[in-house]
Amino acid sequence: MNTEIMHKGDKMSDILLNVNSLSAGYGERNVIEDIDFSISRGEIVCVVGESGSGKSTLLKTICGFENVYINSGSVSFKGQQISDLNPKKRRALMGNGIGIIPQNPAGSFNPLRRFDAQFKETFLSHRMPYEESRILDIFEKVGLSGGKEILRSRPYEMSGGMNQRIAIAAAMLLEPELLLCDEATSALDVTTASAIVDLLCDYRDEKNVGILMVTHNLGIARKMADYTGIMQNGRFIEYGSRDEIFTSPKMEYTKRLIEDVPKLAGVVNG
Ligand SMILES: Nc1ncnc2c1ncn2[C@@H]1O[C@H](COP(=O)(O)OP(=O)(O)OP(=O)(O)O)[C@@H](O)[C@H]1O
Ligand SMILES: [Mg+2]
């Protein structure tokens, strides 16, 4: 293990995710290259980069998606290499161990089946009791009112922003130790997005979990991240603490991104 990437002087036992010299893609050609970082309990790491730079591919590789190939390096969760897990063990890990809020939230649901049926199935597959009151409670937290009616509805009847919030609620309900968020606020208005950012920070504080947040919004990274990786063409061209990235960035590309933040409609004030 590369000890330089251990954070906060943490004990090895606090490390949830370790990504080590990782190169991966959808075949032999690498889409992400030589990525190194780790996430300990209680830490939020943000990944920022332009469209097509490989952010979603990084998350898919961490989850062990079957169409993504690790060409070199490794990904481990609590010391266990994800590529060593058979499909059954990997599925068991997804949910309570590692949760993902995908970039296309509608894709994580069957569009034609009622949400209550889909939630029941998810709970059952993770041997957790189906508690409607917990779902309604978290729906409120993500800004969804009329939760009972939503549970009786189907994904195709919801707006993109509603499906995104339901996907956030679904991932958080399983209380994963590591939550991967792929542009989790991209379909939301500024106020709702800001509430989700606060909710994720509170979740980290209360449950001492790790969060990996992919975002194109540097304002969100500045607000949430303990560490940020700046991704360009599949590589982390810069990786560092909030101060290192936002106060004294080294790379021209990072400086340009930061200069552009005030020009964008801010989701958060930073
Ligand atoms: N299933 C796939 N098969 C082959 N190539 C893919 C696949 N998914 C993504 N790619 C390619 O991998 C590269 C990185 O895509 P990725 O989705 O990781 O980018 P991203 O940084 O998440 O972009 P965005 O900000 O637009 O979501 C792109 O060139 C893309 O075309
Ligand atoms: Mg993406």
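Ala, Val, Leu, Ile, Met, Phe, Trp, Tyr, Cys and Pro count here as nonpolar, Asp, Glu, Lys and Arg as charged, and the others, Gly among them, as polar. This is a predicted model, in which local features need pLDDT of at least 70 and side-chain atom pairs count only at pLDDT 80 or more, while totals for chains, interfaces and linings use all residues. Residues are numbered from 1 along each chain as its sequence is written, and side-chain values use heavy atoms, with hydrogens and water left out.

Let's start with the largest pocket, whose volume is about 990 Å³. A pocket is an open set of points on a 1 Å grid over the protein atoms alone, where a 1.4 Å probe fits, with protein on both sides within 12 Å along at least five of seven lines; lining residues have an atom within 4 Å of a point. Its lining has twelve nonpolar, nine polar and six charged residues.

Now follow strand E8 (residues 210-214), where five of five residues are buried, meaning under 20% relative accessible area with a 1.4 Å probe, protein chains only. Gly210, Leu212 and Val214 lie on one side, with Ile211 and Met213 on the other. E8 runs parallel to E3 (residues 44-49), joined by four bridges, and parallel to E7 (residues 178-182), joined by five; strands pair if DSSP finds at least two bridges between them. Val214 stands opposite Val47 and is also the bridge partner of Asp182.

Technical notes. Chains are lettered from A and ligands numbered from 1 in the order in which they are written. Buried means under 20% relative accessible area, exposed over 50%, partly exposed in between (1.4 Å probe, protein chains only). Helices (H or I, at least four residues) and strands (E, at least two) are DSSP runs, numbered from the N terminus. Grid points are joined across faces, edges and corners, and a volume is the space filled by probe spheres set on the points.
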